[in-house]
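Have the sequence and the 3D view open as you read.

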Amino acid sequence: MSLKPESRAATGDLTFPAYNAPLPSTEPRMNASTDPLLPLSSIPTLPRLPVVASMPWLYHPEGFMARMLQLLEQHRDAGAIRVPLPTGHSPIFVGNVDLATDVLDEARFEKVLEGPLVHIRDFAGDGLFTAHSHEENWHRAHRILTPGFSSASIDRYYPAMVESLQALCAHWRRATGPVDVVLDMTRLTLDTISLAGFAHRFESFDRPTLHPFLQALARALQESIDALRRPPFLFPLFRATRARYRQDIATMFSLVDEVIQQRKQRPRADWPSDFLSLMLDAPDPGSGERLSDENIRYQILTFLIAGHETTAGLLAFALHQLALDPALLQRVRAEVDALGHGRMPSMKEVLGLDLTRRVLSETLRLWPTVPAITRAARADTSLAGRIRVPRGQPLGLLISAMHRDPTVWPDPSRFDPDRFLPGPTRARPAAAYKPFGVGKRACTGRHFALVEATLCLAVLVRDFELGPVPPLTLAPTVSPKPRGFFLRVTPRRGAT
Ligand code: HEM
């Protein structure tokens, strides 16, 4: 079957063409032999023990996703693996570009809620991320909110990005010892999305620890993963954990409801031009209906969840890589230094930072901060013309494994931003690179994330010397992050 090459980057274009390239709509591929299609049970399956199912095979010090990546690399030829869980489910994970090309085909597969998303829906409800594709509230919110995230609208949020970055830079200038990079990137991205989205200031750099909202969110997200590995009959043993989970959800709801109420109490003429005003005010161009207060609560939580940890992880991985590779750091600095010192770059200047952007693209290839998504067949179909897939069958796509498929990424573990240079090396299947998902359920905030990350990475390497770091290991968190990443940062000469 022919796979469609990516389109090429236009300098200054806000989007990364690799994830934006339309996927070919593929007819199910024909099985060349006369054999019938193989059933799903032909996919390699981890051994299943009573009660614990395949748990003994799933341990990895860097977490479940790291183990899945390892298993899929061991089963590259099959391209997929089945994982019996203690809950009785046996999810299938797909990890090579050939099979992924079928699963990403919007005409034949669609996003479904599986795994942690089912639990995250407890607190993100029918917000954009955790809504079912058929729910009216998804269509309504998508129509109302997508224009607010278009590349043309991002300049509205640029001042919030700059303000939060200035707070981080001041914090780093005051540092007397190594800084906790993951914590600081989390503070930075949370402050940015809440300021840009809802004019709410968490002022995270004025606190010694994470805001209680974030602590509640982190615990609730962890529980959404832990609950997946728990056989149902063990739930009674986790009463205290479940009570804490409910308490954490109540903490999150109360902060968000307060933000909504405060906005409503202000005269309409004083409302800032942000996502919250859009949510409260804009009618759906389709139905004329507005979003309900309950749905707005879920959308705000969705933006806070989807919009900070992912970008924080991206920045932390990129900084780690640059601290490890002085030659690359020099190249990035040369690009950024050319903008001058002593002031924040304009958004136009940030959009022109080609190498900095390619460093971020390559970072998302090796460490996609949403490492997996789940899709299901709209009707009976097949994978690669050889495996029968019944209608409704969920398939997890391990984006991190697709991004390391050696058939399209030579020497896949090597960090090389020049893979994203325009030119013949860019001719690779569209399914080879999907850090922001696909189709109508692709990431709403990708332009926002990329502008924010490019600005922050550029200013941090321009204004600070980065001390040495040990090789990368991952924290076993829902969204992957470097583990124990402490960095000595000292202001560079000429920095503001
Ligand atoms: C590097 C940063 C980011 C990455 C890697 C990322 C990745 C993704 C991916 C892979 C999806 C699809 C999920 C699925 O199919 O189940 C997604 C959806 C989404 N993302 Fe992001 N994201 C990032 C930043 C952001 C930001 C900053 C925001 C908000 C400002 C955001 C808001 C959303 C929303 C609302 C959805 C759901 C879209 C829908 O289904 O209608 N993301 N993201």
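**Helices and their neighbours**

Start with helix α8 (residues 212-226), whose 15 residues reach 21 Å from the first C-alpha to the last, close to the 21 Å expected at 1.5 Å a residue. That expected span is 1.5 Å times one less than the number of residues. Helices here are DSSP runs (H or I, at least four residues), numbered from the N terminus. The model is a predicted one: local features need pLDDT of at least 70, side-chain atom pairs count only at pLDDT 80 or more, and totals for chains, interfaces and linings use all residues. Residues are numbered from 1 along each chain as its sequence is written.

Which residues of α8 are buried? They are F213, L214, A216, L217, A220, L221, E223 and S224. A residue is called buried if 20 or more other C-beta atoms, placed from the backbone, lie within 10 Å of its own. The cover over these buried residues includes α4 (116-124), α7 (181-198), α9 (239-265) and α11 (293-306); contact here means that two C-beta atoms, placed from the backbone, lie within 7 Å.

Now follow α7 itself. Its 18 residues reach 25 Å from first C-alpha to last, close to the 26 Å expected at 1.5 Å a residue. Of those 18 residues, 17 are buried, so α7 is largely enclosed by the rest of the structure. Just after α7, A199 takes a positive phi of about 50 degrees.

How does α7 meet helix α12 (residues 309-324)? Their axes come within 8 Å and cross at roughly 140 degrees. Axes are lines fitted to C-alpha atoms, for helices over the stretch in contact, and angles run from 0 to 180 degrees between N-to-C directions. That makes α7 oblique to α12, since angles under 35 degrees count as roughly parallel, over 145 as roughly antiparallel, 65 to 115 as roughly perpendicular and the rest as oblique. From α7, V181, V182, M185, T186 and T189 meet E309, T311, A312, L315, A316 and L319 of α12.

Finally, look at helix α15 (residues 354-366) and helix α17 (residues 446-463), whose axes come within 10 Å and cross at roughly 115 degrees. The two helices are therefore roughly perpendicular to each other. On the α15 side, T356, R357, V359 and L360 meet L450, A453, T454, L457 and A458 in α17.

Methods
A residue is buried if 20 or more other C-beta atoms lie within 10 Å of its own, exposed if 12 or fewer, and partly exposed in between; C-beta atoms are placed from the backbone.
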